[in-house]
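Subject: Handing over a structure

Hi there,

I am passing a structure on to you, and I hope you enjoy getting to know it.

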Amino acid sequence: MDATPSKRKQSSNVSSLVLESDNTSGTLFESHTDRKPGLFEPRKDRKHELRTAIATATSELDVQRARRDALEQESGLTVERARQLNDENIDRLHRYNDTKDAAQILFGKLAELKGKTIKEIYAEYDIDLDD
């Protein structure tokens with residue numbers, strides 16, 4: 001033969017198309033000989049898996065919606081009203097934290113002016129340190 005080594009190398013890298021059958025369902029599918037075995041799944045099986053997963057997720061979503069609706073009926077609150085109440089509570093917590101921070105700053109300044117520790121100022125005003 002008259003083939004040079006570079007020509008042989010080129011021809012060994014070309015993949016050929018082969019029809020294969022998976023042993024479980026007998027489905028024929030195209031495969032390339034340069035692919036590793038087990039990496040290629042038949043399209044039909046994958047579509048079936050995805051359809052099953054979508055159906056399961058849809059079913060779970062329906063159950064969750066029914067549960068939400070039952071809780072709405074039981075509580076008498078709509079989701080929108082519950083969100084509104086939650087937002088109002090968050091706003092109140094922000095105001096509380098801002099007020100508490102300001103009070104701690106004032107207690108710190110008072111302790112500094114009186115030459116006492118903050119712990120002593122808290123005790124003087126009968127305030128628990130954990131408050």
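Below is what was found in it, beginning with the overall layout and ending with the side chains.

A word on the ground rules. The model is predicted, and local features need a pLDDT of at least 70, side-chain atom pairs count only at pLDDT 80 or more, while totals for chains, interfaces and linings use all residues. Residues are numbered from 1 along each chain as its sequence is written, and side-chain values use heavy atoms, with hydrogens and water left out.

Layout

The protein chain has four helices and two strands; these are DSSP runs numbered from the N terminus, with helices being H or I of at least four residues and strands E of at least two. Along the sequence, the elements come in the order α-β-β-α-α-α.

Helix α2 covers residues 43–75, and its 33 residues should span 48 Å at 1.5 Å a residue. The expected span is 1.5 Å times one less than the number of residues. The end C-alpha atoms of α2 are 48 Å apart, which agrees. Just after α2 comes G76, with a positive phi of about 80°.

Confidence

How confident is the predictor on average across the protein chain? The mean pLDDT (the predictor's confidence in each residue, from 0 to 100) is 78, and 67% of the residues score at least 70. Confidence is highest in helix α3 (residues 79–114), at a mean of 95, and lowest in helix α1 (residues 5–13), at 45. Residues 4–16 have a pLDDT below 50, and beyond near neighbours in sequence this stretch has seven contacts in the model. A contact means heavy atoms within 4.5 Å.

Surface and contacts

Of the 131 residues in the protein chain, 7% count as buried. Buried means under 20% relative accessible area, exposed means over 50%, and partly exposed is in between, using a 1.4 Å probe and protein chains only. The chain exposes about 11700 Å², with carbon and sulfur atoms supplying 53% of that area; accessible areas come from the Shrake-Rupley method with a 1.4 Å probe, and for residues only the protein chains shown count as cover. Among contacts with a separation of 6 or more, 2% are between residues 24 or more positions apart.

Salt bridges

The structure holds four salt bridges, each a side-chain nitrogen of Lys or Arg within 4 Å of a carboxyl oxygen of Asp or Glu. One of them joins R68 to D69, with the closest N and O atoms 3.1 Å apart. R68 is partly exposed at 41% relative accessible area, and D69 is partly exposed at 36%.

Another pairs K114 with E124 at 2.8 Å, N to O. This pair links distant parts of the chain, with K114 in helix α3 and E124 in helix α4 (residues 118–124), 10 residues apart. E124 also bridges to K116, again with the closest N and O atoms 2.8 Å apart. Through shared partners, K114, K116 and E124 form one network.

Aromatic rings

Which residues do the ring pairs link into a cluster? They are F107, Y122 and Y125. The count comes to two aromatic pairs, where rings of Phe, Tyr and Trp (its six-membered ring) pair if their centres lie within 6.5 Å; planes under 30 degrees apart count as stacked, over 60 as edge-to-face and the rest as tilted.

Best wishes
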